[in-house]
Amino acid sequence: MSPVQTTGDARTNLVEVTDLSVEFGEVRAVDGLSFRLARGAALALVGESGSGKSTVASALLGLHHGTGARVRGSVLVAGTDVQRASGEELRRLRGAKAAMVFQDPLSSLDPYYAIGDQIAEVYRVHTRASRRAARARAVRVLERVGIPDAARRSRARPHEFSGGMRQRALIAMALACEPDLLIADEPTTALDVTVQAQILDLLHTLREETGMGLLLVTHDVGVAAESVDEVLVMRDGRAVEHGPVTAVLGAPSAAYTRELLGAVPRVDAPRETRKADSGQGEAVLEATGLRREFGRGRRTLTAVDGVSLTLRRGETLGVVGESGSGKTTLGRMLVGLLEPTAGEVRFEGRARRGVDPAVQMVFQDPVSSLNPRRSVGESVADPLRARGERDEGRIRRRVTELLERVGLEGAHYDRYPHEFSGGQRQRVGIARALAADPKVIVCDEPVSALDVTTQAQVVALLGELQRELGIALVFVAHDLAVVRQVSDRVAVMHRGRIVEEGPADEVYGAPRDPYTRQLLAAVPALDPEAAARRRAARREPATA
Amino acid sequence: MSVFGGLTGFVLRRVLGAVATLFALSVIVYVVFYAAPGNVAQITCGPRCSPEQLHQVAQQLRLDDPLHVRYWHFLEGLVAGHDYSTGTSVEHCPAPCLGVSYQSGRQVMSIITAKLPVSLSLVAGAMVLWLVLGVGTGVLSAWRRGRTSERVLTALTLAGTATPVFVIGLVLMIVVCGEFQWLPFPQYVNLTDDPEQWAWNLLLPWLSLALIEAAAFARLTRASMLETLAEDHIRTFRAYGVGERSVVGRHALRGALAPVIALNANNVGSAVGGAVLTETLFGLPGIGQELVHAVNVVDLPVVVGMVLVVGFFVVIANTVADVLFAVADRRVVLA
């Protein structure tokens, strides 16, 4: 038995990480990282994908034990030396003193058991409580995180909960044993912006009431600004900058932090106007009374319910909405991948059925929308071949040209998708859309899978292509800030309908629809003080 | 509860589906065997049939009627039974009547009811053994992944898959009954006559059938367990200090069982009529042996009847598996 460490420091500091390095084979995910977290304090680890932030979170609970990862340095959490602790000591730490909330609330709960039973199981592992007492405890913590009718809902299985409720259930599980430290790994990344605001508010309230410490791992600077006192910016496994949230976000000293902040799209910044005639050109794509149902009988789901819109030559129309609002279904109908149940799409004045090469699509997930067994050149050449081009020399020349046009190299023709980064793959997807010389491109969440710096580059590329080639864009996204950045006009979707449509600055500057207002109020602000003000504003209607 | 109502509806739909499948199966089997080219009376009766016998067979099979009328008659027999003449007297074939064997003159149903208990005894016992051995080995080798114990288990299951049943059965018999004489050579005893002797005599057949099948179950369980062990919710429970035994046994195993149940349904169903080698080796007078015999002597009524009975067990086993899925995971009901 190794003695449990309870040094003087451990009593004041909840977490002490000294010179932590984690290696997976040849890859050094974390490289000499040190930080402290005082009792009751909140720290955010901010960084892009691959920066090592989640690896650090796992190391705090010793989750790398037995996985083949090499961990060096020292990690002290709530008085436990994680590096030297036995399996039994680690089990006593996990969940009881330090609890973790994971990113994806759907896959993080066991689909086969009732939510209340899962929480009760965790509680019983750490206390000697009876089954009945543990179950009562589960209901209490579910109530605590705001699950209505918790006693009844605790018998539901995860698939019967919405995304936001599942995340609340995970937080309830974390609260079950009243831990000193809550580790939240991208707790809101899979959630809609209004739900995200509720979860962040909940974390904030719980911290005020219980005095527990918070270690928040996030890629979203806005989420960090809303939630913590201190920020540690990570890149390639190292700390780039560390300090109070106001200092790091307000006056960043490291060049990388400035770059990161610069790339974050702002929902409150008007886009630079480019053309006076925007919104005045002739209509290329018109949709009237579009409606789409899925399923039959009582299970019928109306995904899009009577949408009419007009896209003019050379403009960008942003379609923004939360998950389930019908925006992707709408995008697919515009391209012709889905036949509408009712209504019609007219392209250049003619009614259209099926797909038309002049209307192309860029998909959300650049990983799964490219065939992994074919070279990217072949993928980009597909639309050319589909048009009947047979001359291999011409195809290769045109594809090379297209790859160069989107910022890749012609020599990339024979490479395969896995050799590219997410941003590069999305460029390939854009090149493929351009190959058919389209007049319209519908982009369905084109940047949501990308890091902010990459996102900014892809958005810039789309704008550039539009200016040069005069293509009209439909930009479908959930991210209000990105949509504002790229769009001339914006349509806000809610439950299959467009609730508000107009020039971007008008919709964002003076929203008329209550739903639009609610959406905008939920977007995290980059300024911690503004965030606190808005949190107070969000709370008011709840208490009133 | 609305969820339960959904479940009841699901079970009803599945049972209706099973009935429809059985009906389709009966049509296909009937058409394949009786509409095949050639003189059906001659094939049914055998090469040494006298012209009178041929005539009698043709009459009983109603060969002058069109096929769909004959099939309807066959269905009638299944539902209501019918009388038929043996030439000297009139006998009654009670429902469900599958017809009469032209080799033995016995009713097909009585042949089946004589053989079925043997086959069911063999399959039921073997199933328990192959599930315990197979799933146990699979869970263990997934959990001990990368260690020596896992390599040994993997090698054993590979050997199990590759060994024919008559090799394992023969070796078992030679060692257990011949060399050490721990058990007498197996001889089938009815469960109702002497349960203890029934079990002792079936022990070796069970083992040899189960060892082969267990290998497939071990490999499937291992693969399925490795998949569930990599899922996010397993990480959740580990991160909350839940013990390894509970994580593996409670959370991972339950998720991994679905394909195992599906494989089991198929194997149970087909082993009822398909465990010919085991039956032959141990001299068990089961359905499999009888079916092979009937095919060899082209006793069409017996073949058709037995294929239908075997099909019945395959369909029932799969329906039970579907319902088990739905009970284990209510999301199935919604899909």
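Visitor: Which residue of strand 5 of chain A stands opposite A:L76?

Guide: This is a predicted model, in which local features need pLDDT of at least 70, side-chain atom pairs count only at pLDDT 80 or more, and totals for chains, interfaces and linings use all residues. Residues are numbered from 1 along each chain as its sequence is written, while chains are lettered from A and ligands numbered from 1 in the order in which they are written. Helices (H or I, at least four residues) and strands (E, at least two) are DSSP runs, numbered from the N terminus. In strand 5 of chain A, the residue opposite A:L76 is A:D81.

Visitor: How many bridges join strand 4 of chain A to strand 5 of chain A?

Guide: Two strands pair if DSSP finds at least two bridges between them. Strand 4 (residues 70-77) and strand 5 of chain A run antiparallel, and the number of bridges joining them is two.

Visitor: Which strands stand at the edges of the open sheet of chain A?

Guide: Four strands form this sheet in the order 2-1-4-5, with antiparallel pairing. Each edge strand has a single partner strand, so one side of each is left without a neighbour in the sheet; they are strand 2 (27-38) and strand 5 (80-81).

Visitor: What angle does helix 2 of chain A make with strand 1 of chain A?

Guide: Helix 2 (residues 53-60) packs on the sheet and touches strand 1 (13-24), strand 2 and strand 4 of chain A. Axes are lines fitted to C-alpha atoms, for helices over the stretch in contact, and angles run from 0 to 180 degrees between N-to-C directions. Between the directions of helix 2 and strand 1 of chain A, the angle is about 120 degrees.

Visitor: In strand 12 of chain A, which residue is the bridge partner of A:L290?

Guide: Strand 11 (residues 283-294) and strand 12 (residues 301-312) of chain A run antiparallel and are joined by nine bridges. They form a hairpin with six residues between them, and A:G295 in the turn has a positive phi of about 80 degrees. The strand 12 partner of A:L290 is A:V307.

Visitor: Which helix of chain B gives the most residues to the side that touches chain A?

Guide: Residues are in contact if their C-beta atoms, placed from the backbone, lie within 7 Å. By that rule, 17 residues of chain B are in contact with 24 residues of chain A. Helix 9 (232-239) and helix 10 (244-274) of chain B each give two or more residues to this side. With five residues, the one that gives the most is helix 9 of chain B.

Methods:
Contact = placed C-beta atoms within 7 Å.
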